[in-house]
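Please open the model in your viewer and keep the selection tool at hand. The stops below are taken in turn.

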Amino acid sequence: MNYKERDQKHLWHPLTQHKLHQEHLAVVRAEGVWLYDEEDKRYIDGISSWYTCMYGHSHPKIISKVKQQLDVLDQVVFSGFTHPPAIELSEKLMAILPSKMTKIFFSDNGSTSVDVAIKMSLQYYFNQGQKRKRIIAFDKAFHGDTFGAMSVSGLSVYNGPFEDFLLTVERLEVPNEQNITAVLNRFKDLLDSGEVAAFIYEPLVQGAASMNMHQPEHLEKLLKMAEEADVLTIADEVMTGFGKTGKNFASEYMHTQPDMICLSKSLTAGVAPMALTCCSQRVYDAFYDDQMSKGFFHGHTYSANPLACTAAIAGLDLLGSEEMQSNIQRIHKRHLEFEQHIRSHTKVKQTRVSGVIFAMDLDIEMERYGNLRDQLYHFFMEKGVFLRPLGNTVYTLPPYIISDSELDLIYDVMEQCLEIV
Ligand SMILES: *Cc1c(COP(=O)(O)O)cnc(C)c1O
């Protein structure tokens with residue numbers, strides 16, 4: 001039996017209806033931008049394995065540092081102990097994070113980093129004798145699959161069965177030229193209620209909502225209003241963090257800084273699961289007290305795993321290198337050129353680019369996980385390119401190390417797919 005067959009015996013895959021989707025391609029190794037299946041057919045990882053391995057798979061500099069760390073310290077409890085990789089990571093991050101950030105709290109994945117931020121906001125007011133029970137989040141937001149993260153997410157395909165069990169969340173339309181006045185008015189009314197603990201948002205790009213993009217000027221206004229109303233703001237940069245939008249953090253496109261930033265995905269360069277909730281001194285100070293109970297009683301067994309921290313440090317070194325920064329600019333420029341080329345095609349409804357993210361909406365009606373979407377997916381895989389269309393949106397977010405000719409392969413299949421739909 002090959003892996004594809006053995007898989008079906010015991011494994012239950014994420015986001016999968018197994019009755020409709022029984023076979024899973026086995027990827028047995030990966031290197032650079034390439035994934036290899038068990039028959040040694042290779043595929044370009046056009047979405048960087050869900051925006052994680054931005055420096056390519058198995059980057060030698062990351063692998064060698066993690067191997068060295070493995071010989072020194074594998075794992076230790078982070079409650080009561082500290083260790084060099086966590087300290088070094090915090091110092092390196094502080095050097096590039098928006099200046100308001102002063103503290104870092106570890107957890108295991110994007111969803112938990114959001115849950116941590118939500119719990120911090122609620123307890124921030126609780127510790128000051130206030131009960132603020134509402135949270136503001138954008139329409140079609142995606143913040144993860146744990147209960148807190150699900151509550152603030154607005155995509156019902158994920159959340160339907162659990163709606164009765166979620167936190168109280170007020171939905172705000174994502175601002176654009178047309179609705180901006182209405183959005184600001186509604187936001188003001190919500191803030192004025194005095195019941196809102198936090199506003200959580202994916203800055204500039206909503207990944208799961210088909211790479212939906214909004215303008216920094218509009219978000220700036222919302223952040224400023226929240227700051228004036230003393231409502232905490234949480235930038236979920238789990239997807240956008242570490243260069244995807246062209247700057248290290250999407251939050252850098254606004255003047256008003258958030259109170260908290262959630263990070264995961266490419267934090268460890270795709271090597272290990274780990275996440276961070278970064279916060280301002282003001283947030284930290286609300287928990288700093290002689291009373292034990294005012295502390296933040298949240299912790300995960302693997303918090304700040306030394307191997308994950310080491311991968312993150314090596315990733316940050318690469319991100320800061322001239323090579324990687326010029327790669328990011330190069331991909332951005334090539335995306336803009338491809339956009340110019342493809343945007344007037346009759347089958348293309350809309351295109352958008354932010355940093356290394358390119359997305360195009362096909363001018364056809366399509367279900368998010370329907371047949372046509374699957375046909376597109378298989379078409380790309382046949383051609384040796386791994387892309388995951390979201391409904392009628394085809395997008396790429398390639399590893400920064402992708403070469404120009406490898407990028408051309410992605411653009412080519414994107415253009416060819418317009419002929420089959
Ligand atoms: C992926 C993602 C999450 C959830 O992260 P997981 O590691 O999958 O739990 C949260 N927020 C955003 C913006 C994401 O893209």
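A polar contact is a pair of N or O atoms within 3.5 Å; within protein, one must be able to donate a hydrogen and the other to accept it, and residues adjacent in sequence count only if both atoms are side-chain atoms. The model is predicted, with local features needing pLDDT of at least 70 and side-chain atom pairs pLDDT 80 or more, while totals for chains, interfaces and linings use all residues. Residues are numbered from 1 along each chain as its sequence is written, and side-chain values use heavy atoms, with hydrogens and water left out.

**The ligand**

Select K265 first: a polar atom of its side chain is 2.6 Å from a ligand oxygen. In S111, a polar side-chain atom lies 2.5 Å from an oxygen of the ligand. For N109, the distance from a side-chain N or O atom to a ligand oxygen is 3.3 Å. The protein buries 81% of the 380 Å² that the ligand exposes when taken alone (Shrake-Rupley method, 1.4 Å probe). Now extend the selection to the residues around the ligand, among them F142, H143, E202 and D236; each has a heavy atom within 4 Å of it.

**The open sheet**

Next, display the four strands that form an open sheet, ordered 1-2-3-15 with mixed pairing. Strands are DSSP runs (E, at least two residues), as helices are (H or I, at least four), numbered from the N terminus; two strands pair if DSSP finds at least two bridges between them. Strand 1 (27-31) and strand 15 (385-386) are at the edges with a single partner strand each, so one side of each has no neighbour in the sheet. Select residues 34-37 and 42-45 to see strands 2 and 3, paired antiparallel over three bridges. Here L35 is opposite Y43 of strand 3.

**The second largest pocket**

Finally, select F78, I104, F105, F106 and Y284, which lie nearest the centre of the second largest pocket among its 26 lining residues. Helix 4 (84-96) and strand 4 (101-107) each give two or more residues to this lining, and strand 4 gives the most, with five.

Key:
1 Å grid on protein atoms, 1.4 Å probe; cavity = no way out; pocket = protein on both sides within 12 Å on 5 of 7 lines; lining within 4 Å.
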